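Please examine the sequence and the three-dimensional structure shown below. The report that follows considers selected features in turn.

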Amino acid sequence: MKKIKFSRNNLAFNIISAVVLLLAIFSLIVSIIGYEGFTDAFEKEYSETTANMADTATTLVNGDRIDDYLAEGGQSEDYLQTKERLDIFCRRMNVSLVYVIKVDTSDYGRFTSVFNSVGKNTPYTPWEIGYQQDTTNETYAELYKEIYEGKTQYGTVYRTKDLKGAPPHITTLVPVKNSQGEVVSILCIQRPMSEIREQRAQYLVNVAVTAIILAILVSVAYANHTRKSFIDPMRKITDETSRFAKENKQGEKLGEISRINEISTLARSIDKMEEDMLQYINNLTSVTAEKERIGAELNIAKTIQENSVPNIFPAFPQRKDFDIYASMTPAKEVGGDFYNFFLVDDDHLAIVMADVSGKGIPAALFMMVTNILISDRTHMGGTPAEILTFVNDNICEHNRADMFVTVWLGLLEISTGKIIAANAGHDDPAVYRKGGQFEIVKNKHGLVVGAMSGIKYKDFEIQLNKGDKIFLYTDGLPEATDKDEKMFTLDGMLEALNKYKDEKPQDILDGVNQCVNDFVGDAPQFDDLTMLCLELKEDEKVKTITVDATTENLNTVNEFIDGILEANGCPMKTQMQIELAVEEIYVNIANYAYGDGVGKAEISAECNNGNVTITFKDSGVPYNPLEKDDPDFSLSADEREIGGLGIFLTKKNMDSVSYEYKDGFNVLIMTKQI
């Protein structure tokens, strides 16, 4: 196998193979052209010869007697003599059939046999005189018509398909005329096509033998020429390039190794390439080492930058009164954008969104210094305006690089939703009011931090209510650009925000990021992209748990209900009654709702005005347990039907129990005053 693979990859083998292939293709083309020409000529000669035979055979038939032959049923001496002559003619001419037919000229769709002679070694059975048959196909019918109407002196039909057991053949048809020159019948001679096939086969054999001999002679001569002119010089070049690839050091120069200019030029290029490559390798080694050092430092800087802002979510899992999520995607390994948020105390959350001028390492360092200053100063107390004034003065004092940063700083009083904020040249936030849309909230901007010392910033307020959200961002979002240099714009940002306005903060940011990616497409990211979203959450009234509907999860369901009841001061007796009802309904779902499979059960509970409402929901088979009749307690335990006691106790213990099948779900609702 290796030898075969080597031969296929060998230059000499491929060149000679190409020559042989071209000769084969040339021979094939010549064979096809010759084959078609030979076939056409032979078929024409075959057809004309058969037509001459047919003309000769018509002299044996008396056209004036055709109708008499049919009327006499072939019993006259004249008919028998004519048939005998046709039989002799058929055998001596070595044809398959000689037959005379009279065609129905109304539509040429049927004919009657007058004479029928069958040759030797044929599969045919002679037709009796008067035998009738439908015309074989439309070709015959059209030819019959042309002969009867005198439009043609003879016609030939080639039959190679739909033969019904007969060998391929040609049939030549000529008119039989009476003494007045009228066509009264048609004489047909059928000859097998075996002669044509034999002649064509011999022709193809001759062409093939000639092509093989020519290919061998040309291959031997061309192989010797190719080896001297191409193969040996190319082998030297190949050996030298392989050696250089393994050793990476200068070897003996190839020089002028061939009288062919192109090969000599290639050899000189290889010599030059080796010199240049060795020099390049030396330079590349130095550059690579430096690049690896810079890359390692950038990775460290990226890690430090990522860890300098909150990046673990949920950020405050113990807080149920607000939800916050942020993301930062630098345009380079490190960027100048940053966000931050932290609790100043239990009721105050600081929120920061900032964008440093420039990108890369300088912007990242400036960002970290600014972030530390803002964070430390915020923990010392004061309003956002006072904090930014302090940060600006400290940065300007040591800002020899003349960098600056836009900052939006807000302090959220979580219990009231009031935000006191200050803006140092940053983009205005977008605020979502429950039931409405995200809209840009504009306020007066101060000068960017780092531009000039002594600047006094001003505070402003934004009021959030339960269910409201605030979205902060850097200019990399509205200024994201596609390949046609069109910007995403603020309108595009608002459209994306409102598309996901009802989602939680993380899903909103993921959705906006996807919209930006779809808009930008393959265009490179030219600026850092940073976003933050905060939601002031509504108090939860309805609590829900979803579990696999199995009896093993009964304790989980009971703990869920008990926790809600205890939190709302439910008396122990009432709690036990509710637990009994919950257990009855849940166990019924676990055992019967999904048959042998396992589905989901959703249990919701809400306490309102001293009443608890518990809802069970499953997608199992439709079943209303309330339709079951209550047990007849007038009967003894042995006489009563089994079942029904559990749901009876549920109805007794709860103030109300209702059932409906809605949207493919069984929904059972129980209420109880606690």
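Which element supplies the largest share of the lining of the second largest pocket?

## The second largest pocket

The answer is α13, which contributes six residues to that lining. The model examined here is predicted. In this model the second largest pocket has a volume of about 400 Å³. It is lined by 21 residues, and those closest to its centre are Asn 588, Ile 589, Tyr 592, Tyr 623 and Pro 625.

At least two lining residues come from each of α13 (572-593), β19 (611-618), α14 (645-653) and β21 (665-673).

Strand β9 comprises residues 348-356, and eight of its nine residues are buried. On one side of the pairing scheme is strand β8 (residues 337-345), which pairs with β9 in the antiparallel sense over eight bridges. A hairpin of two residues joins β8 to β9, and Phe 342 stands opposite Ala 350 in β9.

Strand β9 is also joined to strand β10 (residues 405-413), by nine bridges, and these two strands run antiparallel. Here Met 353 stands opposite Trp 408 in β10.

## Salt bridges

Side chains of opposite charge can pair when their charged atoms come close. The count of salt bridges in this model comes to ten. One of them links the side chains of Asp 134 and Arg 110, with an N to O distance of 2.6 Å. Asp 134 belongs to strand β3 (residues 132-134) and Arg 110 to strand β2 (residues 110-118), so this pair ties together parts that are 24 residues apart in sequence. Asp 134 is partly exposed, at 46% relative accessible area, and Arg 110 is partly exposed as well, at 33%.

The side chains of Glu 149 and Lys 151 also meet in a salt bridge, at 3.2 Å from N to O. Glu 149 is partly exposed at 39% relative accessibility, whereas Lys 151 is exposed at 62%. In a further salt bridge, between Arg 319 and Asp 321, the closest N and O atoms are 2.8 Å apart. Arg 319 counts as buried because its relative accessibility is 17%, and buried means under 20%; Asp 321, at 23%, is partly exposed.

## A nonpolar surface patch

Leu 21, Leu 22, Ile 25, Ile 29 and Ile 33 make a nonpolar surface patch of about 500 Å². Ile 33 lies in helix α2 (residues 11-58). Ile 33 counts as exposed because its relative accessibility is 59%, and exposed means over 50%.

Methods. Residues numbered from 1 in each chain as written. Predicted model: local features only at pLDDT ≥ 70, side-chain atom pairs only at ≥ 80, totals over all residues. Heavy atoms only, no water. Patch = residues over 30% accessible without salt bridge, like charges linked within 9 Å, V, L, I, M, F, W, Y side chains within 5 Å. Areas by Shrake-Rupley, 256 points an atom, 1.4 Å probe, with all protein chains shown as cover. Salt bridge = Lys/Arg side-chain N within 4 Å of Asp/Glu carboxyl O. Helix = DSSP H or I, 4+ residues; strand = E, 2+ residues; numbered from the N terminus. Buried < 20%, exposed > 50% of the residue type's maximum accessible area, 1.4 Å probe, protein only. Pairing = 2+ DSSP bridges. 1 Å grid on protein atoms, 1.4 Å probe; cavity = no way out; pocket = protein on both sides within 12 Å on 5 of 7 lines; lining within 4 Å. Points joined across faces, edges and corners; volume = space filled by probe spheres on them.
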